[in-house]
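Please look over the sequence and the model below before reading on.

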Amino acid sequence: MTELLPWLPVGTRLTLRGLPEQRALGARLATELPSGTVLFLEGELGAGKTSLTQGLITALGFDGTVSSPTYALMQPYPLPEGQALHIDAYRVQHPAELYEMGLDELIEVSRLTIIEWGEALYEDYPGPILRLSHQVDSETRLLERLR
Ligand SMILES: Nc1ncnc2c1ncn2[C@@H]1O[C@H](COP(=O)(O)OP(=O)(O)OP(=O)(O)O)[C@@H](O)[C@H]1O
Ligand SMILES: [Mg+2]
């Protein structure tokens, strides 16, 4: 299997200066992540996880607003071919809650699954993990690839 995102090896850090750069990175990831990928986004509140997701899902061809699915937990977005699935597990107490909602099957039929706050699911899905954090000046974000 070819290595995912060869320009962003595990351990790499990138500084993202402003929302447009955050979304542009998402768009780049969208062109390179193969169908069926589960992408984990971790990082503190407001670190830019949903912003990156907006860039990704828009670049995959969804024509509409991508927002945080905190209350729905899971939000599917129709794409020209299939769907993207966005999960915000912030309020999930136990992974079983997501499995009862059909997580395995939903991942299987999705072009891409993006999971914010999905630390409890890492072992089951060996997809890439990107950690985002606020930079000291708060006008930029730091992204690190963890896996
Ligand atoms: N690279 C960046 N530089 C500066 N501001 C950014 C950057 N990326 C995102 N932001 C801003 O940070 C704010 C929070 O972003 P976002 O909602 O994506 O965070 P989040 O990690 O999803 O937060 P939560 O944990 O609450 O879901 C937004 O106002 C967004 O415009
Ligand atoms: Mg979010």
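Predicted model: local features only at pLDDT ≥ 70, side-chain atom pairs only at ≥ 80, totals over all residues.

Residues are numbered from 1 along each chain as its sequence is written, and chains are lettered from A and ligands numbered from 1 in the order in which they are written.

Ligand 1 is surrounded by 18 residues, a residue being near a molecule if its C-beta atom, placed from the backbone, lies within 6 Å of it. Gln22, Gly48, Lys49, Thr50 and Ser51 are the closest. Helix 1 (19–32) and helix 2 (49–59) each give the shell at least two residues; helices are DSSP runs (H or I, at least four residues), numbered from the N terminus.

How much of helix 2 is buried? Of its 11 residues, 9 are buried, meaning that 20 or more other C-beta atoms, placed from the backbone, lie within 10 Å of the residue's own. Among them are Lys49, Thr50 and Ser51. After helix 2 comes glycine 61, with a positive phi near 110°.

Helix 1 packs against helix 2 at an angle of about 45°, and their axes are 7 Å apart. Axes are lines fitted to C-alpha atoms over the stretch in contact, and angles run from 0 to 180 degrees between N-to-C directions. The two helices are therefore oblique to each other (angles under 35 degrees count as roughly parallel, over 145 as roughly antiparallel, 65 to 115 as roughly perpendicular and the rest as oblique).

How values were computed:
Buried ≥ 20, exposed ≤ 12 C-beta atoms within 10 Å, placed from the backbone.
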